[in-house]
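Dear colleague,

I am passing this structure on to you, and I would be grateful if you could look through it alongside the notes below.

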Amino acid sequence: RFIKKCPPSAGKKKIIVPNNVYVAAWNAFLFDKNYQLIPVDANLETWNVDLSKLEEAIVQYPDADVLIVHNIGNVINVPRLQSKFPNTHFVEDNCEGFLGGYGGLVTGQASFAASISFFGNKNITSGEGGAFVTNFEDTYEYVKCIQGQGQSSTRFVHKELGYNYRMTNVQAAILYGQLECLQDILGLKKQIFDTYRLAFQDRDDVRIQINEENTANSNWMFGVRIPGQSSYENAEAYFNARSIEIRPMFYSIFSHDHLRDNVDVLPTDCMVADLLNQECFILPSYPELTSEEQQYIINTVNEYVREL
């Protein structure tokens, strides 16, 4: 249900962004040559953008929009930010936070617009593809137009430079099947995450993400931070030798060559993001993971920490 019209100031040229997310979140704005990214460093406890620094940036750049990303499923309380900065437009990369919650809402509902991914590694998948969510009617109509080659209401008459972003029938059928067993998938994911949290909570040698108040994690992927770990590559070699596939935490924005000319940032502005990339890794957490396999992973983490 559309609740209001798109505000006339929606096309800002500066956007405040987190500095340690998947590259697609930044690239989406670089396709429009008019945007400049203003990165904000991460928080060591949540692995999301540092909210105190984010609020400072909003005050410093009052005309800028803000990109919110829920890193590996740890949800940021967008309604709290929206209430504190009612004149700021928040756009939400909800690809990793999808099916999480904030302020009594499902993620993606409190921002100007949100994206959802149905890529193969997400909680529900169609193999590829995704969805766009907005409460603004004219924004919806524009996106609906450009996702289908920019066609007007008259067939084969086009009014915009568009794309071919329509989901295929096969993808839609796969996604429909996923939705039919959604509660089973979420239940299995919750069980896996609860087991990991119980194993690693309240420890100094293994740290896990801290959830922001009044939010619900989407339980997408589970990561651990090992304080003092010298590099991710050492951890990867250790776990690969024991037949466990892990993946790194995202690299900082300054690590990507094509982004360096499009951001207002120095290497020293990414100190926390770089530390998280050095000390964190992501563990297997797919729904079909058995309790025996998960216990083996937990035991291997404990052995790895003891041997550091």
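Predicted model: local features only at pLDDT ≥ 70, side-chain atom pairs only at ≥ 80, totals over all residues.

Residues are numbered from 1 along each chain as its sequence is written, and side-chain values use heavy atoms, with hydrogens and water left out. Helices (H or I, at least four residues) and strands (E, at least two) are DSSP runs, numbered from the N terminus, and two strands pair if DSSP finds at least two bridges between them.

The six-stranded sheet

Six strands form an open sheet with mixed pairing, in the order β2-β1-β3-β4-β7-β8. Its edges are held by β2 (36-40) and β8 (130-134), and because each has a single partner strand, one side of each is left without a neighbour in the sheet. On average, neighbouring strands here are turned by 20° against each other, direction ignored. Within this sheet, strand β1 (residues 14-18) pairs with strand β3 (residues 65-69) in the parallel sense over two bridges, and I15 stands opposite D65 in β3.

The three-stranded sheet

A further open sheet has three strands in the order β10-β12-β11, with antiparallel pairing, and its edge strands, β10 and β11 (247-248), each pair on one side only. Strand β10 pairs with strand β12 (residues 280-283) over four bridges; V224 stands opposite F281 in β12, and F222 has L283 as its bridge partner. Both faces of β10 (residues 222-225) are covered, with F222 and V224 on one side and G223 and R225 on the other, all of them buried (under 20% relative accessible area, with exposed over 50% and partly exposed in between, using a 1.4 Å probe and protein chains only). Helix α6 lies across β10 and β12 and runs at about 15° to β10.

Two packed helices are described by the angle between their axes and the distance between the axes. Axes are lines fitted to C-alpha atoms, for helices over the stretch in contact, and angles run from 0 to 180 degrees between N-to-C directions. In their contact (heavy atoms within 4.5 Å), I192, T195, Y196, A199 and F200 in α6 meet Q294, I297, I298, V301 and N302 in α9. Helix α7 (residues 232-240) packs with α9 at an angle of about 130°, with their axes 11 Å apart, which makes α7 oblique to α9. Here N234, A235, Y238 and F239 in α7 meet T300, V301, E303, Y304 and E307 in α9.

A buried loop residue

M249 has its place in the loop between β11 and α8 (271-279), and M249 counts as buried because its relative accessibility is 0%. Leaving aside residues up to four places away in sequence, M249 touches N20, W47, N71, I72, L276, N277 and C280. The C-alpha atoms of M249 and Y232, 17 residues apart along the chain, are separated by 8.7 Å.

With kind regards

Key: Parallel < 35°, antiparallel > 145°, perpendicular 65-115°, else oblique.
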